[in-house]
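Dear colleague,

Please find below the structure that I am handing over to you. My notes on it follow directly after.

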2 protein chains.
Amino acid sequence: MAAGLSRGRPCPCEWIVYERLLVTDAIKLVGFDGDDTLWHSEAYYQAAYADFEAIVGEYVDLRELALRQRLLTVERANLALFGYGAKGMALSMVEAAIRVTEERISAHDLHRIVELGKQVLRHPVELLEGVREAVEAVAADYPLVLVTKGDLFHQERKVLLSGLSEVFERIEIVSEKDPETYAAVLARSGVKAEEFVMIGNSLRSDVAPVLALGGRAIHIPYPLLWLHEAEADFEPEPERMAELAAAAEVPDQLRVWRQRGLFRHPARVGSGG
Amino acid sequence: MAAGLSRGRPCPCEWIVYERLLVTDAIKLVGFDGDDTLWHSEAYYQAAYADFEAIVGEYVDLRELALRQRLLTVERANLALFGYGAKGMALSMVEAAIRVTEERISAHDLHRIVELGKQVLRHPVELLEGVREAVEAVAADYPLVLVTKGDLFHQERKVLLSGLSEVFERIEIVSEKDPETYAAVLARSGVKAEEFVMIGNSLRSDVAPVLALGGRAIHIPYPLLWLHEAEADFEPEPERMAELAAAAEVPDQLRVWRQRGLFRHPARVGSGG
């Protein structure tokens with residue numbers, strides 16, 4: 001007989017077992033992205049880009065030049081060699097500036113462009129509003145993993161400066177966020193995809209690959225997004241995906257999924273099952 | 001009563017217990033460094049440096065200029081921001097070339113310098129002589145961890161191209177090789193420092209920090225060494241350290257340590273202990 005919510009005489013102790021079983025089964029690990037989910041990042045990249053544009057604009061007419069698109073083309077060509085991060089961006093900016101100005105740009109100005117990359121690496125780590133409270137609330141219920149992409153050295157520095165490193169059971173700095181990477185992260189934690197919820201600002205990196213594995217994802221858009229991240233090709237899965245306005249709403253969303261799990265799997269439960 | 005080698009009538013089954021206990025106790029994990037321990041690396045950096053020197057030499061008299069030392073000064077100042085690796089080196093080369101030429105270097109030549117960094121990132125992964133056989137022989141007796149420092153993306157590529165990734169139980173790409181890093185690696189593997197042997201070409205990165213923790217280390221010098229790695233400040237520990245000419249000698253050295261362990265801890269063993 002199927003036990004659960006429909007039973008006539010729910011017994012309190014059975015309910016405790018029920019709750020525990022399902023909570024354990026439903027969500028065993030919650031992942032957070034770092035850049036633009038926990039702390040501000042893209043704003044610093046875009047500020048560097050604006051300065052880059054001003055420097056290059058001294059040599060060429062920006063109105064005639066799809067500069068942003070040309071930089072992205074250089075960056076993408078270099079991604080396979082550089083991976084993500086500010087050092088790769090700085091090298092790509094140097095390269096794009098040289099190409100776009102047809103080698104007319106001065107060493108002085110190229111040095112300024114290298115400095116733009118350093119500024120991004122030096123940026124302060126400021127948490128988004130409500131993040132600390134939300135992360136701590138989730139940590140009270142679930143083990144947390146930070147899954148952040150990019151330059152190892154820079155990401156380690158940001159994790160440290162965020163003051164959040166103690167809240168996470170594991171910190172996974174990865175070079176790419178594709179289904180293979182998430183599968184390896186889950187294997188290291190001994191958790192199945194169905195038991196995992198990933199939270200982040202990028203459909204491409206935080207949502208699509210986790211849905212593809214069979215996990216759940218919470219998308220919290222950030223006002224700024226790198227063009228490269230804006231392209232995501234995936235099937236939305238309304239049952240396994242939520243879009244929230246802010247981190248503060250995360251604990252409620254996890255509660256909703258937990259409740260829904262209670263209704264969905266009543267047969268798994270208790271003495272009458 | 002102390003059991004062991006000095007006992008009059010050794011019993012075969014007791015010996016098996018004895019052997020197992022000690023082997024397990026003595027060495028539980030063997031670590032290998034990557035660059036210039038498993039595969040060639042520094043040669044590519046030094047080739048890039050030679051090309052860099054040739055480019056800068058078109059602007060300044062290299063005889064009057066301690067160029068290598070000046071590049072190292074720039075690199076070291078940038079290490080705190082860039083960490084290790086070829087992208088940081090490329091940015092530092094661009095910066096050093098601009099400074100040393102007092103901004104006279106052309107955009108064309110700076111582009112050539114960026115390309116030098118890319119060449120290093122693209123270099124083929126060639127194992128040192130005898131490495132594959134040695135690593136496989138050690139893997140037959142002990143779990144292996146690869147502990148390699150530098151750029152996440154580049155190191156992952158090298159591990160993949162090395163064809164050795166399957167031999168290692170864990171692959172740890174770290175941003176710095178200090179005692180804290182090794183302690184974290186050992187904690188993740190659940191192994192004590194005394195049970196760990198690290199093998200690598202750098203006294204500074206592979207030997208000194210592991211000895212400091214109480215572990216053992218095998219130093220296999222490589223003919224070329226980055227100036228930065230050449231500086232190591234540590235107390236040699238002849239009992240816990242070996243210097244070998246090639247990876248092929250590693251299995252024998254591990255056997256020596258295992259045997260010495262057998263003689264040193266006889267009291268721990270067997271039914272009479």
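In this predicted model, Lys118(A), Leu121(A) and Arg122(A) of helix α5(A) are in contact (heavy atoms within 4.5 Å) with Asn78(B), Leu81(B) and Phe82(B) of helix α3(B). By class, this contact has three nonpolar, one polar and two charged residues; Ala, Val, Leu, Ile, Met, Phe, Trp, Tyr, Cys and Pro count as nonpolar, Asp, Glu, Lys and Arg as charged, and the others, Gly among them, as polar. Axes are lines fitted to C-alpha atoms, for helices over the stretch in contact, with angles from 0 to 180 degrees between N-to-C directions. Angles under 35 degrees count as roughly parallel, over 145 as roughly antiparallel, 65 to 115 as roughly perpendicular and the rest as oblique.

Helices (H or I, at least four residues) and strands (E, at least two) are DSSP runs, numbered from the N terminus. Residues are numbered from 1 along each chain as its sequence is written, and chains are lettered from A and ligands numbered from 1 in the order in which they are written. Local features need pLDDT of at least 70, side-chain atom pairs count only at pLDDT 80 or more, and totals for chains, interfaces and linings use all residues, while side-chain values use heavy atoms, with hydrogens and water left out.

Within chain A, α5(A) also meets helix α2 (residues 42-56), with axes that come within 9 Å and cross at roughly 170°. This pair is therefore roughly antiparallel. Among the residues of α2(A) that take part are Tyr44(A), Phe52(A) and Ile55(A), and those of α5(A) include Arg112(A), Leu116(A) and Val120(A). The contact has eight nonpolar, one polar and three charged residues.

Chain A holds 11 helices and six strands. Of its 273 residues, 51% count as buried, that is, under 20% relative accessible area, with exposed over 50% and partly exposed in between (1.4 Å probe, protein chains only).

In chain B, Met89(B) lies in helix α4 (residues 86-100) and counts as buried, at 5% relative accessibility. Leaving aside residues up to four places away in sequence, Met89(B) touches Tyr45(B), Ala48(B), Glu75(B), Gly117(B) and Val120(B).

Yours sincerely
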